[in-house]
Number of protein chains: 2
Amino acid sequence: MTISKFEKFEKFFKPKSIAVYGASKSFMRFGSFNTINLIIGGYKGKIYPIHPKYDTIMGLKAYKSILDIPDEVDMVCYVAPIKVLADKIMEEIGKKGVKNVIVVSAGADEIGNYEISRKLKNIVEKYNITMLGPNCIGLIVPKSKIYMSPMPIYHPPGNISIISQSGSVAAHILLGIKQIPFRLARVISVGNCLTTDLTDCLEALEDDPETKFIGLYIEGIRRGKKFIEVAKRVALKKPIVAIEIGQSEAGKRAALSHTAAISTPSNLFSHICHQTGIIQVENTIEWLNTLYAMSAVPLPKGPRVGVVTIGGGPGTLIADLCEKYGLKVPLLSEKTQEIIKNKYLPVTGSSKNPVDITFDTDWSNFFKNIPKTLLESGEVDAIIFYGIFSTNFWVKVMEDMPDHLKGDDLFKSDSLKEMESGMSELYHQNFRALRRMIKKYQIPVIMTGYNDRPIDDGVTLAREYGIPVFYPAEGAKIMANLWNYNKWKQSILKMESKI
Amino acid sequence: MTISKFEKFEKFFKPKSIAVYGASKSFMRFGSFNTINLIIGGYKGKIYPIHPKYDTIMGLKAYKSILDIPDEVDMVCYVAPIKVLADKIMEEIGKKGVKNVIVVSAGADEIGNYEISRKLKNIVEKYNITMLGPNCIGLIVPKSKIYMSPMPIYHPPGNISIISQSGSVAAHILLGIKQIPFRLARVISVGNCLTTDLTDCLEALEDDPETKFIGLYIEGIRRGKKFIEVAKRVALKKPIVAIEIGQSEAGKRAALSHTAAISTPSNLFSHICHQTGIIQVENTIEWLNTLYAMSAVPLPKGPRVGVVTIGGGPGTLIADLCEKYGLKVPLLSEKTQEIIKNKYLPVTGSSKNPVDITFDTDWSNFFKNIPKTLLESGEVDAIIFYGIFSTNFWVKVMEDMPDHLKGDDLFKSDSLKEMESGMSELYHQNFRALRRMIKKYQIPVIMTGYNDRPIDDGVTLAREYGIPVFYPAEGAKIMANLWNYNKWKQSILKMESKI
């Protein structure tokens, strides 16, 4: 009986106990960080620090060798000199019967120490160990409260999984997480890919019930044919969004000295993406935003976008970029335009698409009635809004208002506090209605604005109702990514149904 | 004697008194916003509200007509029905002798009311008035505390000026200002450009002593030949960064119904930029970031970039994108590599370029010694860093630490508070040194990271020392924009010196 890739990975995701090498009494050491975050992150299993000298580390009983631990060990995280691992420790780990090992330590292939890699590989194969690394960053599995990363950020579980050849990307993106509030199932850092590569991880996630969306950060693909076969199969079940780096001369040089990766020629990877339905993106922020959008809204069933805006300039920018990226912003039918114009627009507005409300005191036209009309019309496959604002910025302003103004009728009669709570209530109502419409019509709706994203309460509120918010240009690109994935998927399913 | 364009605009920038139409007793009216912000923003001149009914508005004496105001009026802001303006008010404004008028009200050409435009134009020409609009957003001049915009954000003065055909862009970008801390001289919203267009504004800013950098948000250029002539002349003195919208079918439709603009064909504008040295950007965020970077650091004198990183993945991404955008990331000489490798790198690091420090506890290698070596080497024209972090995230983490850990030796001996203040002190020292080096070598240095930008104190600190911080992909693009401008300027100056 063969064990599936997912079964081989399962103990990474749900280990009952973890042995850690490299944690010490000194704080500012790389070896300490992963263990500190594992503890503070709230991991509920057993943690066994292993150290040649100390009896306790970070309040935990320490062992001289893994062979001294009386109980079973499900997983090892190694952040100590790699030569010792190759010469002695990996053998002990094998003898202890541990099958899942993460080697954070660097200093092998990427700096020319091929002998170390050869030794490690032999032992790992002898004991049938699944090893991530060397030269990776650790592992993050929020549902199991495993935050084995040098960065002290612990965020809630979700259904997006990341496989990254760059450790810093895997670790540092979490720092920006407040700006991109997506939720993670697993972050797997593969480092030098000595015995486990991207393709292995992709196969493991294929059967992983917690993973619905997959992000790849690629420096170079090793087993091209196998990767294509696996990616194509997985992408039909779970969208894959990938960023590939290392195509330039300097990039190749960097990738080689970084994870000893031989980068794929750039065009080649674009071809692979085309074949496999992988959505290729240009930068890390777009990568994260696309995964976030996919996890938040349905996929568009066609390329037609309705743009709803409170400002002509941003609406035009979004329309331009939608068409640049392969979407369409169709002129609305006379009938739909009549409804919008007569019922929901001020005289200065435009109903053509972009639908530009210019200025209206009744926000329910903007946030509810106009999108409802669009969704019911059958003329659009997606909606992109421009214009979302904090509910309280006027209130904040009033705190700095000159005293003689505070007594003025204007600010007495129209209570600003009431305005704020009214605005907030309105947002709640409209976003709830919008959420219901997204569900009913299965059409994606996203919002865009220039707001300070981690701060603005309008943005926060929209996101709480499952409506993603981006910068305007990002919004257009992300919607195009969603459509490109679905277009590929539909074409494959259609082809298969004909066979 | 002819009056220069700048002289015609001067009263927009330094008016001693402003008459406002449209402010009322109701808060949630567009007509009230500009006046509220003018008052709260702290404008020191006289404000004269004009209203047919009320005696006071917002604590200020109101007048029935501008002709009733006993004193001189330097400028008018009009946010009331446009038909009344054309039929009666503009004539009164002319009679009062006001030469500078901003018409925020919409409802003319962009919705087909050409008659209104015709009337307005006649009166404006008769009285020799400089009019912005109709259908613009107001005006922002921080140095004069003029925040005549619907958005309640008042930020400090600087030397970047914006000319925008989109009012919402002009107003809303200020909402995101905390993420892009650049400082503004003037924000001019031109709207329908009835009698004053982009080119007029560009000419006015040419001689404006407060303006050093110019941003254009363009929906369509009307007097192409004149625009090219002016832009080329201005760009040699003051860098111009432009975003052009309205090239797609939907975009053209939107621009027409927005500011009645006939968009320029897309390729045409790229050609114009090529000729005139205007730096064309793709989206609003890149536009603002480029202006910010130009105002903060010197221009690169060549295309060679040194990338200094704490993470291989982001370093490789930056190197790739630099080369994609026309910069070079050259392999460093043996000599420079030796210095970096022997003195400032751990064994796992790479000195080739990207210079990857991987992990080092001594941040002064990263932030001071390595860039110093690069700057002194003469081998790079610019430096892009990856890796800047909050000084206090570990301290925050410790607050949530389990009690049994708080007593552990690790956290007693290495005081984290000390670590924080040490880190902060180190940042101050290194950023100060870096600032001095930028000045000495006149070479631009920017930093990149994935941090939450308006929150992170490492980012804030770097910016206080005049070192801009961006996302990694943004950083590469922005540096390319800076180099492209200087490359153009050098080529023109070289050509002219030969004549």
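Modeller: We may start with one pair of residues: Val308(B) has Phe385(B) as its bridge partner in β17(B). Strands here are DSSP runs of E with at least two residues, helices are runs of H or I with at least four residues, and both are numbered from the N terminus. This is a predicted model, in which local features need pLDDT of at least 70 and side-chain atom pairs count only at pLDDT 80 or more, while totals for chains, interfaces and linings use all residues. Residues are numbered from 1 along each chain as its sequence is written, and chains are lettered from A and ligands numbered from 1 in the order in which they are written.

Colleague: How many bridges join β15 of chain B to β17(B)?

Modeller: Strands of a sheet pair through backbone hydrogen bonds, either parallel or antiparallel. Two strands are said to pair if DSSP finds at least two bridges between them. Between β15 (residues 305–309) of chain B and β17(B) there are 5 bridges, and the two strands run parallel. Strand β18 (residues 445–448) of chain B is joined to β17(B) by 4 bridges, also in a parallel run. There, Ile383(B) has Val445(B) in β18(B) as its bridge partner.

Colleague: Is strand β17 of chain B buried or exposed?

Modeller: A residue is buried if 20 or more other C-beta atoms lie within 10 Å of its own, exposed if 12 or fewer, and partly exposed in between, with C-beta atoms placed from the backbone. Since 5 of the 5 residues of β17 (residues 382–386) of chain B are buried, the strand is largely enclosed by the rest of the structure.

Colleague: Which residues lie on each side of β17(B)?

Modeller: In a regular strand the side chains alternate between the two faces of the sheet. In β17(B), Ala382(B), Ile384(B) and Tyr386(B) are on one side, Ile383(B) and Phe385(B) are on the other, and all are buried.

Colleague: What is the order of strands in the open sheet of chain A that has 5 strands?

Modeller: The order is β16-β15-β17-β18-β19, with parallel pairing. Its edge strands, β16 (355–356) and β19 (469–470) of chain A, each pair on one side only. Within this chain, β15 (residues 305–309) is joined to β17(A) by 5 bridges, with Val307(A) opposite Ile384(A) and Gly306(A) opposite Ile383(A). On β18(A), Val445(A) is the bridge partner of Ile383(A). Strand β17 (residues 382–386) of chain A is mostly covered, with 5 of its 5 residues buried.

Colleague: Where might I see mixed pairing?

Modeller: Chain B has an open sheet of 7 strands with mixed pairing, in the order β9-β8-β11-β10-β12-β13-β14. At its edges are β9 (146–148) and β14 (279–280) of chain B, each pairing on one side only. Inside that order, β12 (residues 213–218) and β13 (residues 240–244) of chain B run parallel and are joined by 5 bridges. Tyr217(B) stands opposite Ile243(B) in β13(B).

Colleague: Which strands of chain A are joined to β11(A), and in which direction do they run?

Modeller: Strand β8 (residues 139–141) of chain A runs antiparallel to β11(A) and is joined to it by 2 bridges. Strand β10 (residues 157–164) of chain A runs parallel to β11(A), with 6 bridges. As for burial, 6 of the 6 residues of β11 (residues 184–189) of chain A are buried.

Colleague: At what angle do helices α6 and α7 of chain B pack?

Modeller: Axes are lines fitted to C-alpha atoms, for helices over the stretch in contact, and angles run from 0 to 180 degrees between N-to-C directions. Helix α6 (residues 198–206) and helix α7 (residues 224–237) of chain B pack at about 25°, with their axes 10 Å apart. The two are therefore roughly parallel, a label for angles under 35 degrees, whereas over 145 is roughly antiparallel, 65 to 115 roughly perpendicular and the rest oblique.

Colleague: Which residues have the most contacts inside the largest nonpolar core?

Modeller: In soluble globular proteins, nonpolar side chains tend to be buried together. A nonpolar core is a set of buried Ala, Val, Leu, Ile, Met, Phe, Trp, Tyr and Cys residues joined through C-beta atoms within 7 Å; two residues are in contact if their C-beta atoms, placed from the backbone, lie within 7 Å. The largest core has 334 residues, and Tyr78(A), Met479(A), Tyr78(B) and Met479(B) have the most contacts inside it.
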